[in-house]
Each structure stands twice: as C-alpha cells, then as structure tokens.
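Colleague: I would like to look closely at a single part of this structure with you. Could you walk me through it slowly, and then show me where it sits in the whole?

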Amino acid sequence: MPPLLQITDLHTEIRMRRSSVYAVDGVSLSLERGETLGLVGESGCGKTMTALSVMRLLPPGGAITSGRIRFDGQELTELSAAEMARIRGNRIGMVFQDPLASLNPTMTIGAQIAEAVRLHRPVSRSAAFDRAAEVLDLVRIPAARARLADYPHQFSGGMRQRVMIAMALACEPDLLIADEPTTALDVTTQQQILGIFDDLREHLQMALILVTHDLGVIAGRADRVNVMYAGRIVEGASAGELFARPRHRYTEALFRALPDGIRRSDGRLESIPGLPPDLSAPPTGCRFAPRCQHVTTECREAEPPYVGQNHPFACLHPVTAIASLRPSPVDTVDSPQSIAEPVLQCTDLVKDFAVDNSILRRRHGGRISAVAGVSLSVRRGETFGLVGESGCGKSTLSRLLVALERPTSGSVLLEGKDLAAMPERALRGERRGLQLVFQDSAAALDPRMRIGSILAEPLHIQQVGSRRERRAVVDSLLDDVGMPRSAVERYPHEFSGGQRQRLALARALALRPKVVIADEPVSALDVSVQAQILNLMAALQERHELTYVFVSHDLAVVRYLADRIGVMYLGKLVEVGPRDEVYERPLHPYTRGLVEAVPVPDPGVERTKQSIAVGGELPPADQPPSGCRFRTRCPLAEQICADVEPRQRSTPDGRHSVACHFPLGEVLTSDAQITTG
C-alpha cells in the first residue's frame with residue numbers, strides 16, 4: 001500500500017516586511033499507516049513549521065511555495081480552504097505544544113470537544129457531548145463526564161494536555177501530529193501522556209508524528225526518526241539504527257549534549273557552539289558547518305547530498321567511530337561534606353493558602369496545604385536539588401526560602417538570621433543574599449525595559465554605587481554570563497530563550513547573593529542550550545562561591561548539577577540524600593517511581609519498561625490524604641499508612657533519610673535530623 005503521508009521537496013516561506021524566512025527548505029518524508037515518526041532538532045530548525053504545513057495552519061505571511069503533500073492519495077496543497085477544513089481535525093488531528101494557549105478560556109471543556117465533533121459529524125448536541133465524555137475517558141481523565149462542565153483553568157498542565165489529545169481524537173483521525181506534547185511536564189505526567197499515545201495507536205491504528213527535542217521520548221516511541229536542522233532533514237533512520245549508529249555530525253552533537261547519567265565531576269557537558277543560521281539568509285554549503293568541529297573548506301563550499309537507502313544522511317564527514325557518544329558516568333561514591341556549614345536552613349516550614357469560595361469574598365472555604373512541615377539544610381557552596389511532580393510544592397517552597405512569601409509557621413534561617421520573623425524593612429536588606437531565577441525568563445524580564453536597565457535595577461533599588469559604578473557592574477555581569485556588552489541597548493524579545501536565561505542569571509547575580517534558587521531554569525530549553533546553561537551555572541558557582549537550590553522535575557539534569565537531592569510530594573519532603581544514593585538506591589517508593597519514569601535515550605531500555613512507574617493522579621492539596629500523603633498511589637501501602645504519618649528516619653551513617661513506613665532496602669535508625677544534613 002502507498003504511504004499514508006508522503007511529503008516531497010516541500011518549501012515553506014514566511015514572508016516578512018523586508019525579507020522571507022525559508023522555514024522549510026526541501027523537506028521530503030513519508031509515513032506509513034500505524035507508524036510513529038519522530039521529528040527531532042533544536043528550536044527553529046523547522047519541525048513545527050513542517051507540521052503546520054501539513055495542517056495548512058501557517059502563521060501570517062506563511063505560504064507553501066513548492067512541493068507536494070499527499071495524504072491518503074489526496075494532494076493537500078491543491079485543496080481549497082473549505083476542502084482542507086473538512087480534513088483538518090477530522091482525518092488529521094494536531095496536539096499543540098501549549099494547551100493553555102490553544103484552549104478557549106471562555107468555553108467549557110465539553111463544549112470545545114463537542115464543537116469539533118459536530119463540525120465533522122452529523123450528530124446531535126447530546127451525542128456530541130457523549131462523544132466528548134468518551135474521549136476524555138479514553139485519555140484517562142478521572143470522572144470524565146463530570147469534568148465536561150469545567151473550564152481549562154480548572155485543569156493542571158498535564159490534564160490540559162490530555163484534553164488537547166482528546167479534542168484531536170474526537171473524530172478518530174488517521175494521522176495525529178503531536179508538537180512537543182510533553183515539554184515542561186514532569187516525568188510521571190510525561191510518561192502517562194506517552195502511554196496514552198501507545199494505547200491509541202493500538203486501539204485506533206493511528207499514525208503519529210512526534211515532534212520533540214527530547215531524545216529520550218523519541219527512543220521509547222518512534223519507529224523511525226528524522227533529524228532536522230535549518231529547515232532541512234539531515235538524517236533519517238529507524239530509531240534503533242539512529243541511536244546506535246548516528247552518522248551526521250549534528251545528530252552526534254545532540255547526543256553528546258545529553259546530561260544522561262553524567263555528573264559535574266565527570267566534566268563539562270558538551271554543547272553545540274553558536275546558534276542555528278538565520279533562515280532569511282541561509283549560508284551556502286552545509287548549514288551546520290559554522291557550528292561543526294569537523295568542518296572543512298569543502299563543507300562551506302558544497303552542499304552535501306542526502307544519500308543512503310535505509311539510513312540516509314547529508315554529511316561530507318560522517319561519524320565513523322561510535323564507541324562513546326556520551327561519556328560514561330564515573331563510578332564514585334559521594335563524599336560527605338561535613339566541613340561546610342549550613343548557609344540556609346528551614347525548620348517545620350508550613351504554608352497554607354485560604355480557599356475563597358465566594359465571588360464577593362464573604363464566605364471562606366478550606367485551605368490548600370502547599371508546604372507541610374518541611375525541614376532542610378543547604379550547606380555553603382553546595383547545590384541542593386529539589387525534585388517532584390508539578391503541584392508538589394517546590395515553587396512555593398522556593399518563594400518561602402527567598403522570603404517572597406511569609407510562612408504560616410516555621411522558620412527560614414539565612415546564616416542564622418530568621419527571615420520569617422523579620423519586619424519588612426529589615427527583610428529588604430537581607431534579601432540581597434537570596435535571589436530567585438524563574439522558570440520563564442521571558443515573563444521574568446520586563447519587556448518595556450532595555451537589558452541595561454533590567455540588570456541595573458536591583459543595584460538602584462538597593463542604592464548600591466554611583467551610576468558609573470552600576471554600569472561597570474552591568475558590564476561585568478554580561479561578561480560573566482557570556483553575553484556581549486552591547487546587549488544593554490536591546491530588549492528581552494530580541495534574544496533567544498537560552499540568551500534570556502543567561503540574562504536572568506546575570507540579574508540574579510547583580511547583588512552578589514549568597515544563595516541562588518533556580519526554579520526550573522532549563523525545563524523548556526533545547527538539549528544543547530540546556531547544556532550551555534548548566535555549564536554556565538557550574539562555572540558561576542565556582543567563580544562566585546555560590547550556593548544553589550536547583551528546582552526541577554528533570555532528574556537527569558538534577559543528577560548532573562546537584563550534590564544532594566530532596567524529593568517533595570504534596571508539600572512534604574519524603575527523602576533527602578546524596579545524589580547518587582538517591583538515584584541508585586532510593587529509599588522511598590515515590591523516588592523509585594520518579595527515577596524509573598525518566599526517559600532514557602536508548603530504545604532498548606525504553607521499550608522494555610513494563611508500566612507507568614507512578615500511576616494515578618496527585619491528590620488535591622486542599623484535601624490531602626491522611627497519614628502518608630503518597631499512600632493513595634503507593635503499591636506498598638497498608639493500613640498504618642492511612643492511620644499514622646511516617647516520620648523521617650535515616651540510614652546508620654546519617655547521610656540519607658526517608659519518611660516511609662516501608663522503606664526500600666535499607667535498615668534505618670529511629671529518627672533523622674535532616675536539618676543537620
């Protein structure tokens with residue numbers, strides 16, 4: 001049978017006021033029925049634009065200038081807008097990267113899905129809502145029919161992504177395009193979403209194009225993989241072949257940038273220097289040549305042909321030796337850091353938020369238990385990793401530690417001074433020692449201010465130095481984070497995501513803090529840009545003797561950067577220990593589930609995973625379970641788990657502690673004093 005989808009020499013341009021961006025420049029690919037095709041590469045390489053070309057949903061100024069897109073024998077480029085509308089959402093569905101931006105905030109979930117059904121099927125309103133409930137149940141939304149009346153903001157990020165999948169599946173399409181469907185999701189939600197795709201392929205015999213920069217996701221799901229760079233496909237092969245024997249130097253560089261199993265003591269992560277080319281004026285020859293370590297004069301002069309039968313690639317100097325694409329982890333044991341004294345401590349920290357059920361705020365409801373009795377200690381000069389699912393309280397704890405939130409009870413000590421007990425005026429000066437780097441650098445940097453003003457603002461507020469001295473500090477900060485001094489005249493939107501994150505780090509360092517708390521600083525970055533930021537953070541820590549609290553749901557990233565790790569679940573700190581012990585010998589069932597859920601860039605490993613490591617949904621924070629909060633999802637739970645809250649207990653050497661009635665594989669002492677580390 002002919003392929004379900006056949007793209008031949010596709011060219012898509014985005015016409016700007018003074019130039020055109022050649023976003024897709026000669027792409028050819030095919031997709032069989034029931035097959036999963038992975039499309040990988042950095043941001044700006046043309047993955048999403050290729051997907052939008054298939055859907056005929058290009059942005060303003062976008063147009064397919066040449067090439068063919070043949071779907072089930074029909075040429076999509078020749079269809080009228082009305083004819084394409086009958087296929088889009090019906091036979092071809094798409095899951096967009098940002099579900100909150102894609103869902104209508106003024107319509108209920110049921111109405112949005114039913115609208116898609118009635119657009120393509122001659123059914124009644126009630127039948128359309130029945131179908132909406134059916135597809136919500138298919139993507140494992142609990143109490144699906146009851147949630148039809150809810151609005152998008154009432155769902156978590158992972159649940160909104162499921163709603164997007166349900167909407168795309170409402171008419172049982174032959175082809176589903178998923179554009180970064182798991183970006184910025186925690187590992188357990190990501191695994192659940194990917195599990196849904198597996199079930200749907202089997203249930204509906206549906207073809208899938210999986211667009212992502214996460215090589216671990218591709219390893220476990222794709223049958224074949226195409227690697228894109230600068231608007232072109234540079235390599236294509238089966239998943240097993242590509243991961244075992246990559247040929248293009250760009251593919252090799254992507255693998256080398258992965259933090260998989262690597263620790264900072266093993267050396268710096270390999271990153272790809274520079275940036276992808278400007279596609280309004282693409283370079284001659286190989287487009288990867290300006291960033292390639294193996295470039296020759298021939299690469300700059302001649303465009304490499306895309307050759308090969310089962311494993312084609314476009315590289316004049318392909319990879320031949322494949323002994324070690326990723327450095328092997330050094331088999332070392334974490335050494336105790338008993339010499340360093342604690343610089344930041346919190347004891348029995350609690351933060352509750354009142355739930356207001358009334359529009360006029362005259363009637364109050366319950367409370368949300370965001371942080372529930374957390375005690376921890378961070379030593380001077382170390383990196384403390386804080387991991388857990390979305391909604392577990394990591395970000396709230398971060399805001400408490402930098403005194404942006406006042407705790408309901410408990411203490412936060414910075415070098416022995418209790419920030420929670422200080423009046424606001426005294427606290428203002430102490431905040432200089434604590435800085436927070438936010439997840440979304442674009443939202444954290446004022447779009448109306450130039451970079452020079454943004455970096456100088458903390459100095460101005462704290463009345464540090466003269467105007468000339470502040471300018472000197474700004475220049476020094478830009479040097480520290482590897483940005484040109486000319487950046488002071490530009491606005492945040494003129495920089496890439498990785499550059500904005502560098503600028504956010506520079507702003508956090510303006511007041512020379514003792515502790516920097518980084519909240520998901522690399523969660524949405526490409527693997528190469530992520531490697532650059534992690535290397536930068538490690539270098540800044542050594543240069544300025546910084547102490548980090550690194551908050552993330554990406555356990556591979558935390559393993560690279562952290563010395564010790566704390567695991568949070570629903571407001572509780574359930575495990576604390578040295579990095580390698582937490583990964584290799586976890587004591588809490590929740591920690592083990594998180595570790596098992598991490599995508600591994602190895603098809604052999606990923607395809608042997610039997611089930612979802614942590615099933616079920618995170619309970620609501622306003623109604624936490626009694627006893628152990630993890631018991632509703634724990635395979636080891638017994639009655640005592642519901643009746644008695646587990647206390648922290650430590651291993652005999654006191655370095656590793658856990659709050660669990662049935663810890664895994666260790667003999668524990670009676671109690672742990674985790675505030676002493």
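How many residues does helix α16 have, and how far does it reach from its first C-alpha to its last?

Modeller: Happy to! Helix α16 covers residues 467–480, which makes 14 residues, and it reaches 20 Å from its first C-alpha to its last. That is close to the 20 Å expected at 1.5 Å a residue; the expected span is 1.5 Å times one less than the number of residues. Helices here are DSSP runs of H or I with at least four residues, strands are runs of E with at least two, and both are numbered from the N terminus.

Before we go on, please keep in mind that this is a predicted model: local features need pLDDT of at least 70 and side-chain atom pairs count only at pLDDT 80 or more, while totals for chains, interfaces and linings use all residues. Residues are numbered from 1 along each chain as its sequence is written, and side-chain values use heavy atoms, with hydrogens and water left out.

Now look at which residues of α16 are hidden. Arg470, Val474, Asp475, Leu477, Leu478 and Asp480 are buried; buried means under 20% relative accessible area, exposed means over 50%, and partly exposed is in between, using a 1.4 Å probe and protein chains only. After the helix comes Gly482, whose phi is positive, near 70°.

Just after α5, Arg140 takes a positive phi of about 65°.

Follow that packing across to α4. This helix has 12 residues and reaches 18 Å from end to end, C-alpha to C-alpha, close to the 16 Å expected. Ile109, Gly110, Gln112, Ile113, Ala114, Ala116, Val117 and His120 are its buried residues. They pack against α5 and α6, and also against α2 (81–87).

Gln205, with a phi of about 55°, is in the loop between α7 (187–204) and β8 (207–211). Ala403, with a phi near 65°, lies in the loop between α12 (394–401) and β14 (409–414).

Pro619 is buried, at 12% relative accessible area, but Pro635 is exposed, at 68%. Leaving out residues up to four places away in sequence, Pro619 touches Tyr569, Leu570, Pro625, Arg629, Thr632 and Arg633. From Pro619 to Phe630, 11 residues apart in sequence, the C-alpha distance is 8.8 Å. Pro635 and Tyr590 are 45 residues apart along the chain, yet their C-alpha atoms are separated by 9.7 Å.

Finally, step back to the whole. The protein holds 23 helices and 22 strands. Its radius of gyration is 26 Å, close to the 26 Å that the globule rule gives for 677 residues, so the protein is as compact as a globular protein of that length; the radius is taken over C-alpha atoms, and the rule is 2.2 Å times the number of residues to the power 0.38. Along the principal axes, the C-alpha atoms fill a box of roughly 70 × 65 × 55 Å. Of the 677 residues, 54% count as buried. Among contacts with a separation of 6 or more, 67% come from residues 24 or more positions apart.

Methods
Contact means heavy atoms within 4.5 Å.
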